[in-house]
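Dear colleague,

Please find the structure below, handed over for your records. My findings follow directly after it.

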Amino acid sequence: MSQCCASELNQEAKDKIYEIIAAHKDKPGLLIPILHEVQEFYGYLPFEVQKLIAEELNIPLADIYGVVTFYSRFSLTPVGKYKVGVCMGTACYVKGSDKVLEEFKKQLGLEVGETSEDGMFSLEATRCIGACGLAPVITVNEDVYGKLFAEDVKDIVEKYK
Amino acid sequence: MKSLADLQAIREKTINQVNLRKDQEGYRIVVGMATCGIAAGARPVMMALVEEVQKRNLKDVAITQTGCIGVCRLEPIVEIYEPGGNKVTYVKMTPEKAVKVVIDHVANGTVVVEYTIGYHEEHNK
Amino acid sequence: MEFYRSHVLVCGGTGCTSSGANKIVKVFEEELLKHGLNKEVQVVKTGCFGLCALGPIIIVYPEGSFYSLVQLEDVPEIVEEHLLKGRIVKRLLYAETIAEDNTIRSLNEVDFYKKQLRIVLRNCGVIDPENIDEYIALDGYKALGKVLTEMTREEVIDEIKRSGLRGRGGGGFPTGLKWQFTYNSQGDQKYVACNADEGDPGAFMDRSVLEGDPHALIEAMAIGGYAVGANKGFVYVRAEYPIAVKRLEIAIDQAREYGLLGENIFETGFDFDIEIRLGAGAFVCGEETALITSIEGNRGEPRPRPPFPAVKGLFGKPTVLNNVETYASIPQIILNGADWFASIGTEKSKGTKVFAVGGKINNTGLVEVPMGTTLREVIYEIGGGIPDGKKFKAAQTGGPSGGCIPNELIDTPIDFDSLTAIGSMMGSGGLIVMDEDNCMVDIAKFFLEFTVEESCGKCPPCRIGTKRMLEILDRITEGKGEAKDIQKLESLAETIKSAALCGLGQTAPNPVLSTLRYFRHEYEAHVNEKRCPAGTCKSLLQIVIDEVGCRGCTLCTKHCPVNAISGERKQMHIIDQEKCIKCGVCIDKCPFKAIVKR
């Protein structure tokens with residue numbers, strides 16, 4: 001991943017980020033809400049974006065990097081068009097979500113935390129999403145699939161290909 | 001909203017709606033709505049009942065339907081279950097009759113004898 | 001408001017939404033329009049009904065017909081048969097609601113609901129959470145009106161103290177005392193905060209309240225604000241709960257529009273407003289000091305207490321912090337009185353507790369029971385027992401901070417102190433049931449993996465200690481455990497418990513300690529005999545074909561993903577243990593049940 005080159009951000013993206021920052025400025029504890037919104041817009045939080053935020057808010061880049069790496073929802077790398085999240089909450093685990101995860105790894109050819117080369121899929125082992133009544137549960141972006149068996153995985157992957 | 005009275009006003013406006021979602025304690029109005037009932041005109045009767053109950057802001061009244069009551073020749077049929085469990089069956093109903101039943105029976109507790117099945121059978125022998 | 005003769009309540013909780021509730025609402029509306037019923041039948045999307053295992057769930061009133069596992073194709077039938085012709089569609093009714101004589105029972109008589117007492121969840125599944133009027137209709141904001149116009153701040157705090165309410169987030173600290181401390185603190189600015197960062201895996205009661213009854217939280221926070229002298233509230237909610245966040249946003253907007261948030265509420269001069277802050281995926285932020293640091297915009301690392309948040313909290317100001325379920329009890333306490341609340345529950349644990357019941361149990365879902373209800377009642381009477389005729393082994397409460405409760409203790413009453421006494425804890429209310437197929441060493445390892453990953457790294461006992469414990473558990477489950485390992489685990493656990501900085505670290509060893517206490521024999525079997533009694537730990541497992549049972553049908557050979565099984569047709573088959581990955585597919589496929597784990 002590139003670690004320099006603020007120039008990689010086009011003006012349009014920059015303007016949008018400035019806009020997000022301006023909307024939050026002067027509120028207490030503004031950094032995390034800003035990061036949420038910027039990530040939602042830009043997809044992830046590369047160094048050039050963090051640098052821009054640091055300059056605008058006049059806080060050290062190290063602080064921002066510290067926050068971004070602390071929270072699992074913030075990503076330094078691009079994520080796939082379809083984010084597959086296999087719930088690893090307790091209820092799902094005791095009902096065999098580990099087997100479902102293994103099958104996804106096999107079907108997608110990815111390890112947890114990786115994104116496919118074509119940018120289509122990324123695979124995550126997520127924290128409990130609170131749909132324990134449907135365990136084991138997986139999500140693909142906003143879609144939720146519950147009461148799964150490992151053999152259902154192939155069909156789900158096909159749907160998004 | 002400015003005062004507690006405003007809050008109370010909203011509560012009263014909405015309570016009948018939400019109260020429907022629990023086990024009913026008040027009057028239950030049941031309309032026979034099988035194919036025969038609908039053919040005989042049960043739907044306008046039902047609508048009249050709904051409108052009248054709403055107009056008079058009657059509390060704890062449920063309007064529900066049932067299938068064929070079995071005496072198709074007397075449709076549309078409306079049964080009223082009183083809070084004590086007593087049942088009154090009205091037959092050959094019309095929207096106008098329905099309004100009267102709501103006013104006299106449901107709101108004021110007086111059975112409209114001339115619309116009941118017993119009265120009808122007695123006078124049409 | 002329009003009067004509708006019939007209401008179709010569609011569960012819009014996360015569970016049912018996942019199984020298609022939104023589409024069902026749409027089809028209902030289309031079908032009603034088609035039959036001209038749209039002016040007499042109202043479709044309402046509500047919060048969670050609790051019985052998530054049977055979703056999507058629909059209740060039709062006034063009949064109170066409880067339809068479960070409803071599919072899109074069923075909707076036209078319900079509309080035509082039930083709503084148009086008045087014939088209840090029996091085949092779709094929840095089987096428990098049909099009595100032996102074929103009559104239909106009220107929901108309150110069904111086992112799942114019979115033993116429950118719904119205070120926190122009273123509006124979930126009853127009102128439309130996106131409609132403030134419906135909340136108001138069921139006495140919503142009446143408690144706020146009462147405290148603002150009839151009670152002094154001291155009286156409010158006293159009422160909460162006398163009710164005996166204790167924090168539902170895990171610790172069980174008396175809520176009234178917390179409020180008292182914040183009230184006592186001097187400061188020009190104070191805050192009310194709500195912990196909705198429900199991170200315990202397997203717990204989703206707070207989410208259900210936010211999704212099903214968000215105004216209850218808003219009302220309670222305003223009451224708290226009045227009592228302690230704060231005019232600003234923050235709700236810290238998980239970003240993983242999009243539906244909950246959206247409903248809370250809508251609710252806050254509606255409350256502002258009605259003047260129930262904002263300036264001069266009920267013309268009493270009291271100002272209060274609430275802001276939502278999204279979590280970003282860090283379990284430790286459920287710890288109160290870490291949550292506060294996170295709202296301030298920093299890495300969510302805990303800080304030592306004292307000073308407690310009641311003295312020095314958000315932005316250095318006195319802050320009262322409670323969780324969603326705690327707040328949701330408050331308006332009811334104000335309306336019905338402290339004595340009413342104190343009459344429910346046990347001597348030291350008052351009121352009710354909501355549990356998210358999951359794992360190997362028939363009726364997975366959300367239940368609310370009076371404190372002191374036994375685990376047996378929850379699991380067998382409400383939960384409907386263990387599926388597939390398997391044996392109950394243990395129930396896990398308290399998530400990564402809690403412990404496993406074995407069958408011998410299943411008659412323990414559930415309250416704060418009894419659970420702590422047997423080495424578990426109430427926690428936020430996840431209750432995961434495990435059966436004979438679950439290995440307790442593996443479960444302990446599962447939770448430790450969780451804490452290792454979520455440890456913020458600030459203090460060494462937690463950062464390094466839990467990692468060392470996990471390494472030992474890894475060894476044990478791989479069959480490389482040594483005799484001294486169990487002792488080492490115990491000594492590490494005790495050290496971490498006493499030396500870690502925050503609640504996360506101090507309680508992290510609990511899953512290991514409690515399984516060691518009640519299932520020591522399983523650890524010993526792994527270490528001494530290199531055997532996993534539950535047949536879960538793959539390294540210790542061999543899958544073999546039974547000589548007598550095998551008919552040589554070759555079905556297992558065909559399904560084995562790694563070609564580890566060989567044998568001629570009608571001859572005994574053999575599994576090559578070098579190649580076998582222990583996936584268990586052959587066990588499921590064998591028609592003669594001749595393949596077994598050993």
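**Chain A**

Of the 161 residues in chain A, 40% are buried, where buried stands for 20 or more other C-beta atoms within 10 Å of a residue's own, exposed for 12 or fewer and partly exposed for values in between, with C-beta atoms placed from the backbone. The model is a predicted one, in which local features need pLDDT of at least 70 and side-chain atom pairs count only at pLDDT 80 or more, while totals for chains, interfaces and linings use all residues. Residues are numbered from 1 along each chain as its sequence is written, and chains are lettered from A and ligands numbered from 1 in the order in which they are written.

The mean pLDDT (the predictor's confidence in each residue, from 0 to 100) of chain A is 89, and 96% of the residues score at least 70. Two residues are in contact if their C-beta atoms, placed from the backbone, lie within 7 Å.

Chain A holds 7 helices and 4 strands; these are DSSP runs numbered from the N terminus, helices being H or I with at least four residues and strands E with at least two. Their order from the N terminus is α-α-α-α-β-α-α-β-β-β-α. Domain 1 (6–70) and domain 2 (82–160) are assigned in chain A, and their C-alpha centres lie 30 Å apart. Such domain bounds come from an automatic or database domain assignment.

**Contacts between chains**

There are 2 pairs of chains in contact, and chains A and C share the most contacts. Chain A and chain B are joined by no contact, and their closest C-alpha atoms lie 25 Å apart. Where chain C meets chain B, 31 residues of chain C and 28 residues of chain B take part. Helix 5 of chain C contributes the most to the chain C side, with 4 residues. That side comprises 15 nonpolar, 8 polar and 8 charged residues, counting Ala, Val, Leu, Ile, Met, Phe, Trp, Tyr, Cys and Pro as nonpolar, Asp, Glu, Lys and Arg as charged, and the others, Gly among them, as polar.

**Chain C**

The domains of chain C are domain 1 (6–106), domain 2 (132–342), domain 3 (352–435), domain 4 (440–528) and domain 5 (542–597). Between domain 2 and domain 3 of chain C, the C-alpha centres are 27 Å apart; the contact draws 14 residues from domain 2 of chain C and 16 residues from domain 3 of chain C.

Strand 7 (residues 262–265) and strand 8 (residues 270–278) of chain C run antiparallel and are joined by 2 bridges, strands being paired if DSSP finds at least two bridges between them. The two form a hairpin with 4 residues between them, and Phe266(C) in the turn has a positive phi of about 50°. Ile265(C) has Phe270(C) as its bridge partner in strand 8 of chain C.

Most residues other than glycine have a negative phi, and most peptide bonds are trans. The bond between Gly55(C) and Pro56(C) is cis, with omega about -5°, and Pro56(C) sits in the loop between strand 2 (41–46) and strand 3 (58–61) of chain C. Another cis bond runs from Pro306(C) to Pro307(C), with omega near 5°. Asn563(C), not a glycine, has a positive phi of about 50° and is exposed, with 9 other C-beta atoms within 10 Å.

With kind regards
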